[in-house]
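Here are my notes on this model, point by point. Please keep the structure open while reading.

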Amino acid sequence: MTERAATAAPAPLLRVLRGIRTEGSSLPVWLTFVAVFAVAWVAVDSNGGHFVTVANLQNIVQRSVALGLVTVGQTLVVLAGSLDLSVAYVVSIAAVAAAVTMDGETSRTPLGVGAALAVGALAGLTNGLVVTRLRVNPFIATFGVALILRGVLDATFVNSTGRVPESFQTLGFDVLAGVPVSLFLLGGVVAVAWYLMHRTRYGYHVYAVGGDAEAARLSGVRPNRVLVGAHVLSGLCAAASGLFLASRLGVGSPTVGPEGGYDLESIAAVALGGTALAGGRGRLLGPMAAVAMLAVVDSVFNFFEADPNLRTLVRGVVIVAAVALYAFRAGRPFRLGRPRFADRAVQGEQG
């Protein structure tokens, strides 16, 4: 934004944009990741293992991709002051749609990718419209959409279905110059999202709506459109995660999303990454560091062959700690899914 444009901008929006530029560094989160990685390295190597190996590092990267893709979309929604609890089932329905459409035929790969992205965008659009047009709390709205998707999957599929061609499994298994191919997918999505949020008008509008929706509305921003767009992007990111998991499994699994816990874990990663769950403050790269931390912890659990129940317990502790940390930093009790735009801006927006 040029100095001349900034001078001409309405005062309420200027206050929001100044907050965008000065708050929410990702550096502390990445330093924490380095510390966690160092502790994991010492813990594994002191017990006769080898943590820093090419195979283990590649495994950590692969573990980060699915959750990382979902977290990108979740971060965009949270920054806009909303929430998305449907992502786990969007992952599943996208994976199933891709596998069924491809049906093992390489020539049908583009159709399968398009089908997965289409259902993801449709789910996101539904979330956005229910939140903005019907004025339903995002927690309830996206949870309801999740239940609808779960019902569709349970009623239609009993077991895994469809099949992806071997050529598509390159995404899930192949390595290029020692780097998993899937990391390029995650990196590309993160790069596009980062550019969108920090170099485009829409990105500034997302921060403005999440930071103070009423001020943004008075400055000419349309909160409804911003929120619907954020939810569509979240659906697309979850669909990309479903494509990755389908390439790993070779089939479409209707349970792959909820079994991975991508809904709550993505929210935990967003909070651990330094993003305010009430919206408007945070950086995209912080949650990526949190995703990497969770992958490192999982790797340590695998080495020690920890009880799966213990893993679930630790994940729960992480989620509670993340929300508690946000509440402490914000200086007020945390109310899940209390978006500013739903409280004020929607009431005054026309169209």
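**Notes on the fold and two of its helices**

1. Overall make-up. The protein has 17 helices and two strands. Bear in mind that this is a predicted model. Of the 351 residues, 50% are buried. Among contacts between residues at least 6 apart in sequence, 80% join residues at least 24 apart. The protein exposes about 15,800 Å². Carbon and sulfur atoms supply 63% of that area.

2. Helix α4, length and bend. This helix runs over residues 54-79. Its 26 residues should span 38 Å at 1.5 Å a residue, and the end C-alpha atoms are 35 Å apart, which agrees. There is a bend in α4 of about 35 degrees, located at V65.

3. Most of α4 is covered, with 20 of its 26 residues buried.

4. Helix α7, length and start. The 19 residues of α7, 138-156, should span 27 Å at 1.5 Å a residue. The end C-alpha atoms of α7 are 27 Å apart, so the span agrees. At the start of α7, N137 brings a side-chain oxygen to within 2.8 Å of the backbone nitrogen of F139.

5. Helix α7, two sides. Which residues of α7 are buried? They are P138, A141, T142, V145, A146, L149 and L153. Why do they lie on the same side of α7? Because they cover an arc of only 135 degrees around the axis. The general rule is that an α-helix has 3.6 residues a turn, so residues three or four places apart point the same way. On the other side of α7, I148, D154 and A155 are exposed.

6. Loop between α5 and α6. D103 is found here. D103 is not a glycine, yet it has a positive phi of about 50 degrees. Its relative accessibility is 45%, so D103 counts as partly exposed.

7. Loop between α6 and α7. R135 sits in this loop. R135 also is not a glycine, and its phi is positive, about 60 degrees. Is R135 buried or exposed? R135 counts as exposed, because its relative accessibility is 55% and the cut-off for exposed is over 50%.

Terms used
Residues are numbered from 1 along each chain as its sequence is written. This is a predicted model: local features need pLDDT of at least 70, side-chain atom pairs count only at pLDDT 80 or more; totals for chains, interfaces and linings use all residues. Side-chain values use heavy atoms; hydrogens and water are left out. Helices (H or I, at least four residues) and strands (E, at least two) are DSSP runs, numbered from the N terminus. The expected span of a helix is 1.5 Å times one less than its number of residues. Buried means under 20% relative accessible area, exposed over 50%, partly exposed in between (1.4 Å probe, protein chains only). The arc is that of the directions from the helix axis to the C-beta atoms. A polar contact is a pair of N or O atoms within 3.5 Å; within protein, one must be able to donate a hydrogen and the other to accept it, and residues adjacent in sequence count only if both atoms are side-chain atoms. Contact means heavy atoms within 4.5 Å. Accessible areas come from the Shrake-Rupley method with a 1.4 Å probe; for residues, only the protein chains shown count as cover. The bend at a residue is the angle between axes fitted to the seven residues ending there and the seven starting there.
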